Each structure stands twice: as structure tokens, then as C-alpha cells.
Amino acid sequence: MTKSEEELRVEILKKAYMTVNPNPERKGCPEPKVLRDVAFHRDIGTPEQFEAIMDHLTKCSACVRDHMAFVEEYQEKKKRNQHIKRSLLGLVAVLVISLAIWAVWRTRPRQELAVNPPNQSLRNPGIQFPR
């Protein structure tokens, strides 16, 4: 199966789960916070509680829609966090390189320019001063 065929099957299954089991009265539905915690990979309690929520998701299209919205929110937040991490890493790299360049420049041996010989004063040669 190609990747595009697999993606198509996943989309068909998503649509089916989102519509095939309507629950307009929302009977037996967990709180939205619990569905969000599941989507955000947070601990929700015991394995039995997790299993009960997953079982409910197979029987309630309303909760599947809510859960999928939370999954999309989680994925967007994850992308944003990865972008921020990359940006910060780039900034740190620039700072480290800048600091290294500054340290090398600061500790390099200085060469004195021979503009005036050391024994001569900075007097103007055109003006004669008495000695």
C-alpha cells in the first residue's frame, strides 16, 4: 500500500468514526478536559480509565470530533514549540560563535605600529623649541 492510499484510508476511518455513532445527548461522555489530556499525551489515571475512554471513543462520534480537534491543537502546539526550540538553538549558536570570535580577537598578540620611534617626542618638526 502506498503512503497516499494509507492516508486516504485513515481519512475515511476518521470520517466514519466522526459520524457513524452519533450521541446527541452525550451519554457517558468524559469531560472535555479528559479528552484533551488524552490528545496531549497526559496521564489521565489508571490503564483501566484510559481503556474505558478509548472504548467510549469507538462508540461516540461527538467525542471523536472533540478528541480530533484536541489532537490538531496538540500538533500545532508541538510544531510551534519545535520552531521556537530551533530558533533558540540558532540564537545560542550565533552567541557562542560571536563569543569565540571576540575571545580570539581579544587574546591575539598585539603588534605595535612603528609610527614614531620610541625616543622621539610628538613635537611638530617645523617648530623649534629650546633645549
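Lys33 is exposed in this predicted model, with a relative accessibility of 53%; exposed denotes over 50% relative accessible area, buried under 20%, and partly exposed the range in between, using a 1.4 Å probe and protein chains only. As the model is predicted, local features need pLDDT of at least 70 and side-chain atom pairs count only at pLDDT 80 or more, while totals for chains, interfaces and linings use all residues. Residues are numbered from 1 along each chain as its sequence is written, and side-chain values use heavy atoms, with hydrogens and water left out.

The side chain of Lys33 meets that of Asp37 in a salt bridge, at 2.7 Å from N to O. The term salt bridge requires a side-chain nitrogen of Lys or Arg within 4 Å of a carboxyl oxygen of Asp or Glu. Both Lys33 and Asp37 belong to helix H2 (residues 32-39), where they lie four residues apart, about one turn of the helix. Helices are DSSP runs of H or I with at least four residues, numbered from the N terminus.

Arg42 counts as partly exposed, at 38% relative accessibility. Through shared partners, the salt bridges link Lys33, Asp37 and Arg42 into one network.

The structure contains seven salt bridges. Another of these joins Lys14 to Glu11, with 3.5 Å between the closest N and O atoms. These two residues are about one helical turn apart, because they are separated by three residues in helix H1 (residues 3-19). Lys14 is partly exposed at 31% relative accessibility, and Glu11 is likewise partly exposed at 38%.

Two packed helices are described by the angle between their axes and the distance between the axes. The axes of H1 and helix H4 (residues 61-107) come within 6 Å and cross at roughly 130°; such axes are lines fitted to C-alpha atoms over the stretch in contact, with angles running from 0 to 180 degrees between N-to-C directions. H1 and H4 are therefore oblique to each other, a class left over once angles under 35 degrees (roughly parallel), over 145 (roughly antiparallel) and 65 to 115 (roughly perpendicular) are set aside.

On the H1 side, the contact (heavy atoms within 4.5 Å) is made by Lys14, Tyr17, Met18 and Thr19, and on the H4 side by Ser61, Val64, Arg65 and Met68. The contact residues comprise four nonpolar, two polar and two charged.

Conventions: Nonpolar A, V, L, I, M, F, W, Y, C, P; charged D, E, K, R; others polar.
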